[in-house]
Amino acid sequence: MSTIHFEAISKQFVDATAAAVVEVTLDIPSGAFVVLLGPSGCGKTTLLRMVNRLIEPTSGAITLEGEDIRQLEPVQLRRRIGYVIQQVGLFPHMTVAQNIAVVPELLGWSRERIQARVRELLDLVALPAAEYCSRYPAQLSGGQQQRVGVARALAGDPGVVLMDEPFGAIDAITRATLQDELLHLQRQLRKTVLFVTHDVEEALRLADKIVVMREGRIVQYDTPLAILTQPADAFVSHLVGAEDMVRQLGLIRVEAAMTPLDSAPGVGVPTLPAGADLRQALSLLLRSGASRLLVLSGGVPVGQLTLDRIRAATRVVESA
Ligand SMILES: Nc1ncnc2c1ncn2[C@@H]1O[C@H](COP(=O)(O)OP(=O)(O)OP(=O)(O)O)[C@@H](O)[C@H]1O
Ligand SMILES: [Mg+2]
């Protein structure tokens with residue numbers, strides 16, 4: 001069952017020479033985390049904003065859970081779709097709790113239900129309600145504001161969440177934390193997420209599937225690993241740095257890149273022999289969605305590997 005289906009969608013802005021989106025046909029499966037990836041100006045935001053009718057297509061059709069979105073009132077439609085953008089757009093004169101409660105209030109929920117929902121969501125995005133619920137956006141860090149933005153987008157329990165570079169303005173370390181939290185959230189809630197970025201690493205890290213776009217068209221729609229290892233053409237390969245990366249990863253042994261265990265091995269953490277290569281490690285990380293792998297030697301854990309560590313290792317080879 002697909003949640004969102006784009007059928008030959010095009011968008012030609014009146015005053016633009018080239019079309020922003022050209023004949024895009026695309027299926028977003030229910031519960032999937034799909035990332036739109038491509039260079040600036042390739043049409044990612046335009047494609048995304050057509051889903052909640054902030055932009056109307058020039059031609060083609062979009063269905064949401066089987067319904068043509070043109071048959072739906074934009075306001076009704078938007079209550080079924082969470083939306084998070086880079087400049088969060090929190091209401092500055094409203095507290096965190098009031099910001100999150102906007103859609104539930106529109107939906108006419110009871111006071112108790114709204115309060116419980118706000119608390120639950122603040123919990124989910126790791127902001128203790130007791131501390132944050134009465135603060136104003138200006139009293140939060142950028143990362144905390146983004147978390148409130150995510151909580152607000154989830155408040156009405158929409159099946160679909162659209163995110164347009166939500167972490168674009170956030171420093172690398174906080175961004176990695178937010179990415180982890182978002183992944184965790186999505187695994188718990190199984191929302192369908194359509195996420196825009198031009199950051200390749202973010203795409204590889206988050207996506208179940210990546211849509212690579214160029215000049216308004218889809219160049220490839222595949223899993224991160226397939227995009228990395230079987231890029232459709234030179235553009236994709238260059239975009240994700242595929243040739244170098246794959247070659248490099250295949251050259252590096254896991255034991256050369258692993259770091260000491262930073263905590264007890266734990267149950268269910270994927271394992272890999274010390275002699276495997278980083279390409280295999282990357283594949284396992286992406287497939288399992290785990291944040292780290294245990295490296296085994298003679299069946300005993302001797303170290304661990306994270307995605308960041310693999311990237312660091314790749315860069316070392318690059319500059320050598
Ligand atoms: N309202 C508009 N009127 C005219 N042209 C527009 C309008 N909005 C976007 N465009 C053009 O459409 C193309 C696609 O823009 P879009 O915002 O979808 O790109 P994007 O992939 O999101 O880029 P970025 O990564 O920079 O956000 C660009 O050439 C842009 O200039
Ligand atoms: Mg954009």
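1. Contacts across the chain. In this predicted model, residues 24 or more positions apart account for 65% of the protein's contacts with a separation of 6 or more. Two residues are in contact if their C-beta atoms, placed from the backbone, lie within 7 Å.

2. Basis of the note. The model is predicted, and local features need pLDDT of at least 70, side-chain atom pairs count only at pLDDT 80 or more, and totals for chains, interfaces and linings use all residues. Residues are numbered from 1 along each chain as its sequence is written, while chains are lettered from A and ligands numbered from 1 in the order in which they are written.

3. Overall dimensions. The C-alpha trace spans about 60 × 50 × 35 Å along its principal axes. Of the 320 residues, 38% are buried, that is, have 20 or more other C-beta atoms within 10 Å of their own, with C-beta atoms placed from the backbone; 12 or fewer counts as exposed, and values in between as partly exposed.

4. L284 is partly exposed because 18 other C-beta atoms lie within 10 Å. Neighbours within four places in sequence aside, L284 is in contact with P270, L272 and L293. The C-alpha atoms of L284 and L272 are separated by 8.5 Å, the two residues being 12 apart along the chain.

5. Ligand 1. Among the 13 residues around ligand 1, F13, A20, S40, T45 and T46 come nearest; a residue is near a molecule if its C-beta atom, placed from the backbone, lies within 6 Å of it.
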